[in-house]
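Have the model open while you read.

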Amino acid sequence: MKILICGAGSIGKRHIANSLNLKLDVLVWRKRINYRNDLKKFKNLKIFNDLDTAINLSDCVIVATSTVDHDLIISKVIKFKKPLYIEKPISNNLRIINKLKKYNKKNVIHNGFQFRYHQNLIFFKKKINNKFLKSFFFF
């Protein structure tokens, strides 16, 4: 399976390492092409300048770029009808959400989410810091 990872920051590099450990063919597209030297530690990567070519050659796509770049990548992936995983947040624009709602249900869409930003956990963290709660029970 050929997996395209868009973005090679800390999260993108984690996806690259995990995908290589799974013995997948890893394609990488990075907006900032002058930052390629930090990818040298990874073996057997195919790095692309052209996003359309990379998407076309892949079987699925992980979007791990800055949020401002998600819309462009998601729109292109939709045109190529590829399965999609998007790191949080999906977008800062509701138009792309509406496009995703209409996307073919056969093409799986997942979204990563770090629970440390979940409003309930933030609430409890504040309570703990204020020593309002004395003990916790986990189930």
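Among contacts (heavy atoms within 4.5 Å) in the protein between residues at least 6 apart in sequence, 46% join residues at least 24 apart. Bear in mind that this is a predicted model, where local features need pLDDT of at least 70, side-chain atom pairs count only at pLDDT 80 or more, and totals for chains, interfaces and linings use all residues. Residues are numbered from 1 along each chain as its sequence is written, and side-chain values use heavy atoms, with hydrogens and water left out.

**Overall layout**

- The protein has five helices and six strands; these are DSSP runs numbered from the N terminus, with helices being H or I of at least four residues and strands E of at least two.
- Going along the sequence, the pattern reads β-α-β-β-α-β-α-β-α-β-α.
- Of the 139 residues in the protein, 35% are buried (under 20% relative accessible area, with exposed over 50% and partly exposed in between, using a 1.4 Å probe and protein chains only).

**How α3 packs against α4**

- The axes of helix α3 (residues 67-80) and helix α4 (residues 94-102) come within 10 Å and cross at roughly 20 degrees; axes are lines fitted to C-alpha atoms, for helices over the stretch in contact, and angles run from 0 to 180 degrees between N-to-C directions.
- That angle makes α3 roughly parallel to α4, a label for angles under 35 degrees.
- The α3 and α4 crossing is left-handed, as the near helix is turned anticlockwise from the far one by less than a right angle.
- On the α3 side, Asp71, Ile74, Ser75 and Ile78 meet Ile96, Lys99 and Leu100 of α4.
- Sorted by type, the residues of this contact are four nonpolar, one polar and two charged.

**Ser75, in that contact**

- Ser75 sits in helix α3 and counts as buried because its relative accessibility is 16%.
- Setting aside neighbours within four places in sequence, Ser75 is in contact with Ile96 and Lys99.

- His70 is part of helix α3, and its 0% relative accessibility is why His70 counts as buried.
- Not counting residues up to four places away in sequence, His70 touches Val63, Thr65, Ile86, Glu87, Lys88, Pro89 and Ile90.
- A polar atom of the His70 side chain lies 3.0 Å from the backbone oxygen of Pro89.

Definitions and conventions: Parallel < 35°, antiparallel > 145°, perpendicular 65-115°, else oblique. Nonpolar A, V, L, I, M, F, W, Y, C, P; charged D, E, K, R; others polar. Polar contact = N/O pair within 3.5 Å; in protein donor to acceptor, adjacent residues only side chain to side chain.
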